[in-house]
Each structure stands twice: as structure tokens, then as C-alpha cells.
Amino acid sequence: MTAAAIDARGLGKDFGAIRALGRLDLEVREGEFFGLLGPNGAGKTTTVHLLATLLAPSRGAALVAGHDVVREGLAVRRSIGLVFQDTTLDRDLTIAENLRFAARLWSLPERVARPRIDALLRQFELLERRDDPVRTLSGGLRRAVDIARGILHQPRILFLDEPTAGLDPRVRRSLWERIRALRAASGLTVLLTTHYVEEAEPCDRVAVLDRGELAALGTPAELKRTAGVDSLEEVFLAHTGRRMADPDGG
Amino acid sequence: MRAVYGIVAREFVRFSRQRGRVLASIGRPFVWLVFAGAGFAAVFAGRNQIDYRVYMAPGLLGMVVMFGSLLAALSTVTDREAGVLRMVLVAPIRRSTIAFGKTLGATLLGTAQALVVAGLLLPVVHLRPTLAGALLGLIAVILSGLAMGALGLVLAASIRSIENFAGVMNFVIFPMLFLSGALYPVRHLGVVLRAVAYANPLAYGVDLLKHALLGAWVEAGYGGELPVPLDCAALAVFAIVGLALAASLLGREGGVTRTALRERP
């Protein structure tokens, strides 16, 4: 259990002349709740997409669940769940149909998928809406379905890319409770990206990312202590000279 | 492959919910039969040993497959816009599996539409294929669907917006239809157009359908023009090359990284 869930060495990505991510060294431990904190454009989503094998790195390497992201894409994708910033649900299908579609994509046998989908729907309080088309759901419910979809195949590592962007505070709170419960129940490793500083507070460790570079790394308490400040907001300020920007951007 | 089944099943569920698309796909060939058929039949009347509407039948079936399978690729474009494609790309399946699933979905959709239309159209024009003809026709429809589905996927994977896709499709569909032999024999065309026609997968599909359905008119010069194995091989080549190309295009990074790019201030 001491193996790293994620081990990135000098990982970087350029989009043409734009350097989205410089050279990131990052180790996330098995079972850890890890926060990637930074303003828009810091390279958070790029990092997640590199680790999820959706992008090819321009330099460096990374192991995810012990598999190389360049050479063992399938094995990496088998071990991870990814909840994207924007919903990936098919709006014309019902909740249940979306989950069934995902179960097939992940090659879950029907007899495994069916009870699991039922359990997730119950857990996420979606049972009454299961046959409603996704287009009729509120943003909060859609997010819940997205997350249910992300953990349906019981990944070892779950990436949550700005999962609460655009949600109201009440819905946000209930999502965090769900994720806390999931972690408690399964020992899931979670890598969260966010620009909401308060969402990073409960993380075991936080990396502050700024303009594609790692600006700080540690537990929230350590970060505050070394920076000599009281909040992660100020930690960020101390490291980057800027405030966390634009609360609802993507 | 469960993933392929999932992709195909979803295409069918989506199609069945789009009633307009279902009706259009079945109605379209009859519109052509009535309007184009009436006009051309009058022009050809008396000089020909075949009723023009009978001559059109294989072409109309080819057209159903073309529309059915080519337009099925639209779902890949909407998947990209809606974000569904990301879910598919992050699943532990190969890009080639995705391309195959999408193409197979398009093929089966096109085939199902062609079978329904054949059931309605052939009695209307009094065409009764032999058993061998019907089997060859089914093969023709499936192979054409594969080639068209793969071609549609190549277009969908390289085109980013629905508006653009619609424009390109119109540009592709009509030359393809007119140079397919669906409305008049390819052999009457000039050298240049004939060369273009033989670069058109639908031409081989329609030719195969003529072999299947117009066997009685071979002597009169209205049957298939190319050898059956050549038609089959050409369609298979189009399908395989299209699949390979679509798989590599789908794997291209642009499909999933729009947000990553947008994220930069």
C-alpha cells in the first residue's frame, strides 16, 4: 500500500508555442485525497488529461496505478475514473441508459453492472429519476450522474476535474459528502483539481500550480505554516503574488 | 466485445427516438422514385427495355444505405460537441474499437433502413429478386454500409462543428449520388467522370445491387458493369482504409483537449 498511485516525473505539455505545463514532479500516494489548486490556466486540466492518457506528454513521464501513461494507456484507463469539468452524459438518454452505456464501454458484464448501477442510483438518490432523460435534470443531478458514471467500474484512482464548477453551494456540499463517504468506504485515491480554495482544505495534501509550474506542495497545515499565513488563499497569494481568480471560470 | 455492443446499441436507441429521421430515411427514396422517376421515365420511354423505376431501384437502395450510414456519423460530431466522446475516449478501449463500433452502428442502421425500404419499394416496382439475388443484395448493402459508415466517421472525426459537417456532407452526398450509377449507367459517362465514379464507394455498392436485382436485364445492358468480386473488394478496401484513418483521427488530441486549451487565459 506504500506504492504511489500517481508518480509524475518532469511531466510537461506544450500546445504549439504555449507551454501549458512545465516540468511537473508529483507523487500521489495510494488512498490519498490530493488537491491540485490553481487559477484558470494553471495547467490543472492539462495535468489530469496527461495522467488520464487523453494527451501525450511533450516531455517527462508518469506512472498511474503503476502503468506508464504513454505505453500502457489501456491499463491506465482501466485503473482510473475521470469526472470531466463539463458533463459527458448523453442528454437524450435516461440516467439508467447513460450508466448502462458506460458499463458496456468499461466491459462490465450485465450481471455485475445491473446491481452496481442500482446501488449507485440509490446512493446518489437518483432512483426515482432513473428513467428520466438527462436533459431534464438540474446541473447538480447531472453532476451526481457524472460522478456515479466515473466510479461505476470501481477505479483505484478517481480524478475530479473542477467537479463543483457552476453548482450552487448546497449541491456542492452534498457532493463533497458523497465523495467523503466513497473514500471512507473504498480507500479510493482522489485527485481533485479546483480553484475554490476552501475545497482544497480537507485534502491530505495540496499542490499549488501556477502558470504550468508547481509553486508549493504540502498538507494544508504545512503550507499555511511555511507561508506564515492562516488560509490557503493566502498561501496561494504568497506563492504567486496573485489572488485566486474568477470564481466561475473553467 | 461488450464496448462495441454498447456503442452500437446506443446508436440504435438514439435513432429510434428521432422520429423525423426515421420517417425521412424511409420516405426519401419514394420521393426520388416519384419525382426523379417520373421525369426520367418520360425521357427514356420507348427507347429502353426496362422501366426506369425498376432501373432506379438498386440505386435507391444504395442511396438509403448512403444516407443512413453516412449521416449516422453525425452522432460522432454531436458526441464531440456534447462531451460524450470524452467519456468514450477515457474508457479502457482502443481507438480502433471505438471506430469499429461507430462504423458498425452506422452499417447496421443503414442496413436496417435499406431492408425496410426494400420491403416497400421492390413490390411497388414489381421487382422480385431471386434468393441468390436477395442474398447478394444483402451483402451489397452491408458492404456499402461499412464503406459509407467508415467514410462518414473519417469526415466526422476531422470536422469539428455540426454546421461544417452539414455543409461538407451536402458537398459529398450529391456528387456521390450522381456518380454512383444510381440514376444512369456509369459507362455512359466521359473518361474523367468515370474515373471519379470509380473513386466513389457508392458506385461499387450500386453496381453490386444491380448485379443482385437487375440480373434479368444484363443482356439489355442495365445490370452490373463490374465483376462482383471487384465490387466487393473495392468496398472492403474503402471500409478498411476508412476505419484505419478514422481510428487515428479519433485518437488525435484535439478531440478531448478543447477545455485544456481554453483554460489558458
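1. Arg104(A) is buried, with a relative accessible area of 13% (buried means under 20% relative accessible area, exposed over 50% and partly exposed in between, with a 1.4 Å probe and protein chains only). The residue belongs to helix H3 of chain A, residues 95-105 (helices, H or I of at least four residues, and strands, E of at least two, are DSSP runs numbered from the N terminus). Arg104(A) touches Glu110(A) and, in chain B, Arg2(B), Ala3(B), Tyr5(B), Gly6(B) and Ala9(B), leaving aside residues up to four places away in sequence (contact means heavy atoms within 4.5 Å).

2. On the basis of the note: this is a predicted model, in which local features need pLDDT of at least 70 and side-chain atom pairs count only at pLDDT 80 or more, while totals for chains, interfaces and linings use all residues. Residues are numbered from 1 along each chain as its sequence is written, chains are lettered from A and ligands numbered from 1 in the order in which they are written, and side-chain values use heavy atoms, with hydrogens and water left out.

3. The contact between the chains takes 46 residues from chain A and 33 residues from chain B. About 3500 Å² is buried between chain A and chain B, 60% of it on carbon and sulfur atoms (buried area is the accessible area, 1.4 Å probe, that two parts lose on being put together, summed over both). On the side of chain A, Phe101(A), Arg104(A) and Leu105(A) lose the most area to chain B, together 19% of what that side buries.

4. Four salt bridges are found across this interface (a salt bridge is a side-chain nitrogen of Lys or Arg within 4 Å of a carboxyl oxygen of Asp or Glu). Asp90(A) forms a salt bridge with Arg14(B), with the closest N and O atoms 2.8 Å apart. S1, S2, H1, helix H2 (73-79), strand S6 (80-83) and H3 of chain A each supply at least two residues of the side that touches chain B. Of that side, H3(A) gives the most, with six residues.

5. A network of salt bridges links Asp90(A), Asp92(A), Arg135(A), Arg10(B), Glu11(B), Arg14(B), Asp79(B) and Lys102(B). Within it, Lys102(B) forms a salt bridge with Glu11(B), the closest N and O atoms being 2.7 Å apart. Lys102(B) lies in helix H6 (residues 95-124) of chain B and Glu11(B) in helix H1 (residues 2-17) of chain B, so the pair ties together parts that are 91 residues apart in sequence. Both Lys102(B) and Glu11(B) are buried.

6. Strand S1 (residues 4-15) and strand S4 (residues 59-64) of chain A run antiparallel and are joined by five bridges. Ala8(A) stands opposite Ala62(A) in S4(A).

7. Elsewhere in chain B, Ser69(B) has its place in helix H3 (residues 52-72) of chain B and is buried, with a relative accessible area of 0%. Among the residues that Ser69(B) touches are Ala106(B), Gly145(B) and Met148(B).

Notes
Two strands pair if DSSP finds at least two bridges between them.
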